[in-house]
Amino acid sequence: MSDATRWLSATELAEAYRTGALTPETVATELLDAIEAVDPSINAFCLVDPDRTIAEARESTARFAAGTPFGPLDGVPVSIKDLLLTAGWPTLRGSLMIEPDQMVWDTDAPAVARLREAGVVLLGKVTTPEFGWKGVTDSPRTGITRNPWDTSCTSGGSSGGSAAALAAGLGPLSVGTDGGGSIRIPAAFCGVVGFKPTLGRVPMYPPSPFAPVAHVGPMTRTVSDCAALLDVLSGFDARDWSALPPPTTGAVAAIADVRDLADLRVGYSADLGFGSNDPGVQANTDRVASVLEQLGATVEKVDLGWDDPAWAYHVIWYAGADVVVRGLGPRAAESVDPLLMEALERHRDLRASDVVGATALRMEMGTQMSLLHKEFDVLLTPSMPTVAFGAGRTVPDGSPSPEWTSWTPYTYPFNLTGQPAITVPSGFADGLPTGAQFVGARHHDATVLRVAAAYEAAAGFTMLGDRA
């Protein structure tokens with residue numbers, strides 16, 4: 001496996017397996033070597049189990065030799081965010097309050113179960129802030145995860161281990177979670193693709209205390225890989241009461257033969273009415289809008305008339321975080337991330353009426369977006385208003401607020417509404433990646449992916465392979 005092969009997409013690896021040019025065992029072995037060599041500088045992986053990974057890769061190699069692969073992603077390496085249960089491996093959630101030997105780890109989350117059925121090779125588990133509570137990735141258990149483009153900078157979070165691993169060439173696929181931007185924030189900061197599907201499209205178990213806003217979704221280096229991984233992850237699971245039935249059209253089929261967007265209407269909001277962008281981010285997002293126009297889409301600036309809904313998000317988010325921490329018992333105050341404890345103290349006076357008010361605002365925002373999507377198929381925004389800032393900080397230097405939501409204005413609103421939203425690389429500013437976000441109507445995940453795929457083909461934004 002050459003260094004160039006390390007940057008192959010999942011789709012390209014699958015074709016190489018089919019033709020016999022590569023085997024899953026060879027690829028897994030070389031990626032494990034790459035993790036050993038590269039990961040110490042970025043700290044994306046919190047668990048690697050070479051014996052188990054190679055055993056899975058050998059089983060896949062044997063299936064290809066017999067002409068009986070399980071499916072299109074058989075043998076493709078995948079990493080798993082350490083918030084998702086993975087049978088045989090502990091799920092420590094970035095916390096010192098959970099011990100590897102405190103229980104029998106014999107249950108797969110729905111997403112992991114679907115991956116096993118597809119024959120993927122599990123590379124290991126990747127880092128998260130404690131309980132996934134913030135928009136950067138550091139924790140008392142695993143330390144700081146860094147950005148492969150500049151290791152003095154954050155990878156973003158909370159799926160920062162997933163994004164950093166992808167951006168460093170340590171596997172083509174990862175599964176993350178997104179409760180307020182946790183897939184899209186690190187994808188933007190690290191220059192990869194991150195998709196938050198419609199709430200319930202990918203089932204979740206056990207139920208998250210953040211369930212009203214929490215999604216599971218694919219993180220990849222290309223939109224085609226994102227679609228392929230979503231097809232595997234999607235589907236009903238009775239353990240999740242909100243799980244949706246399988247879609248009638250697969251994601252891969254939905255983006256096949258995308259040539260133009262002449263039938264698409266795109267609303268463009270550069271700030272959602274309350275954000276403020278760095279010049280480089282603004283210029284790159286304007287360029288995305290121009291590319292969509294060149295593809296035939298009608299692009300029109302829109303004003304949503306929104307005030308910042310952070311207060312409503314905080315009610316839901318920190319109520320969930322309080323449930324998590326209270327469940328840990330009296331030792332939590334001594335061992336949990338001190339910044340999480342400070343945040344809970346800031347929000348300790350939440351009342352039931354606040355929850356009702358936050359829910360009412362969610363419904364109002366959802367209605368507004370449903371009406372918007374009667375006129376526009378997708379909404380274009382920046383993913384993040386800035387590029388990545390210094391690692392080890394929860395907010396950028398000079399921030400007037402200690403809340404991580406203060407610098408993520410374009411992500412958490414769409415957790416409140418439950419809509420599908422994808423981040424794609426839009427270019428660079430100050431030497432670091434920027435991202436653009438496409439948001440679709442609920443259940444119109446295929447439309448979001450179609451726009452992203454067309455943009456990918458036209459803009460050639462898959463920049464990471466150039467590093468090989």
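A pocket, on a 1 Å grid over the protein atoms alone, is an open set of points with protein on both sides within 12 Å along at least five of seven lines, and its lining residues have an atom within 4 Å of a point. The largest pocket here is lined by 26 residues, and Leu-83, Arg-93, Pro-206, Ser-208 and Pro-209 lie nearest its centre. The model is a predicted one, so to speak of local features takes a pLDDT of at least 70 and side-chain atom pairs count only at pLDDT 80 or more, while totals for chains, interfaces and linings use all residues. Residues are numbered from 1 along each chain as its sequence is written, and side-chain values use heavy atoms, with hydrogens and water left out.

The space in that largest pocket comes to about 460 Å³, where a volume is the space filled by probe spheres set on the grid points, which are joined across faces, edges and corners. Sorted by class, its lining has 15 nonpolar, eight polar and three charged residues. For this sorting, Ala, Val, Leu, Ile, Met, Phe, Trp, Tyr, Cys and Pro count as nonpolar, Asp, Glu, Lys and Arg as charged, and the others, Gly among them, as polar. The second largest pocket has a volume of about 280 Å³. It is lined by 20 residues, and Ser-399, Pro-400, Ser-406, Trp-407 and Pro-409 are the closest to its centre. That lining splits into eight nonpolar, nine polar and three charged residues.

Back to Pro-206, one of the residues nearest the centre of the largest pocket. Pro-206 sits in the loop between β9 and β10, with helices (H or I, at least four residues) and strands (E, at least two) taken as DSSP runs and numbered from the N terminus. Another cis peptide bond runs from Gly-157 to Ser-158, with omega near 10 degrees, and Ser-158 is found in the loop between β7 (150-154) and α5 (160-167).

Now for strand β10 itself, which covers residues 215-220 and has six of its six residues buried. Buried means under 20% relative accessible area, exposed means over 50%, and partly exposed is in between (1.4 Å probe, protein chains only). Two strands pair if DSSP finds at least two bridges between them. β10 runs antiparallel to strand β8 (residues 173-178), with six bridges joining the two, and Gly-217 in β10 is the bridge partner of Gly-176. β10 also runs antiparallel to strand β9 (residues 193-196), this time with two bridges, and there Thr-220 of β10 has Val-193 opposite.

Thr-127 lies in the loop between β3 (121-126) and β4 (138-139). Leaving out residues up to four places away in sequence, Thr-127 touches a list of residues that includes Asn-43, Ala-44, Phe-45, Cys-46 and Ser-158, where contact means heavy atoms within 4.5 Å. Ala-44 is 83 residues from Thr-127 in sequence, yet their C-alpha atoms are 5.7 Å apart.

Pro-246 gives another picture, being exposed with a relative accessible area of 54%. Pro-246 is in the loop between α7 (223-233) and α8 (251-255), and, not counting residues up to four places away in sequence, touches Gly-235 and Phe-236. From Pro-246 to Arg-362 is 116 residues along the chain and 25 Å between C-alpha atoms.

Two residues have a positive phi of about 55 degrees although neither is a glycine: Asp-257 and Leu-272. Asp-257, in the loop between α8 and β11 (265-268), is exposed with a relative accessible area of 61%. Leu-272, in the loop between β11 and α9 (279-294), is buried at 0%.

Finally, the cysteines. A disulfide is a covalent bond between the sulfur atoms of two cysteines. Counted as pairs of cysteine sulfur atoms within 2.5 Å, the disulfides here come to zero. For Cys-46, the nearest cysteine sulfur is that of Cys-190, 16 Å away; Cys-46 is partly exposed, at 33% relative accessible area. Cys-153 also has the sulfur of Cys-190 as its nearest, 9.9 Å away, and Cys-153 counts as buried at 8%.

Notes
On a 1 Å grid over the protein atoms alone, a cavity is a set of points where a 1.4 Å probe fits but cannot get out, and a pocket is an open set with protein on both sides within 12 Å along at least five of seven lines; lining residues have an atom within 4 Å of a point.
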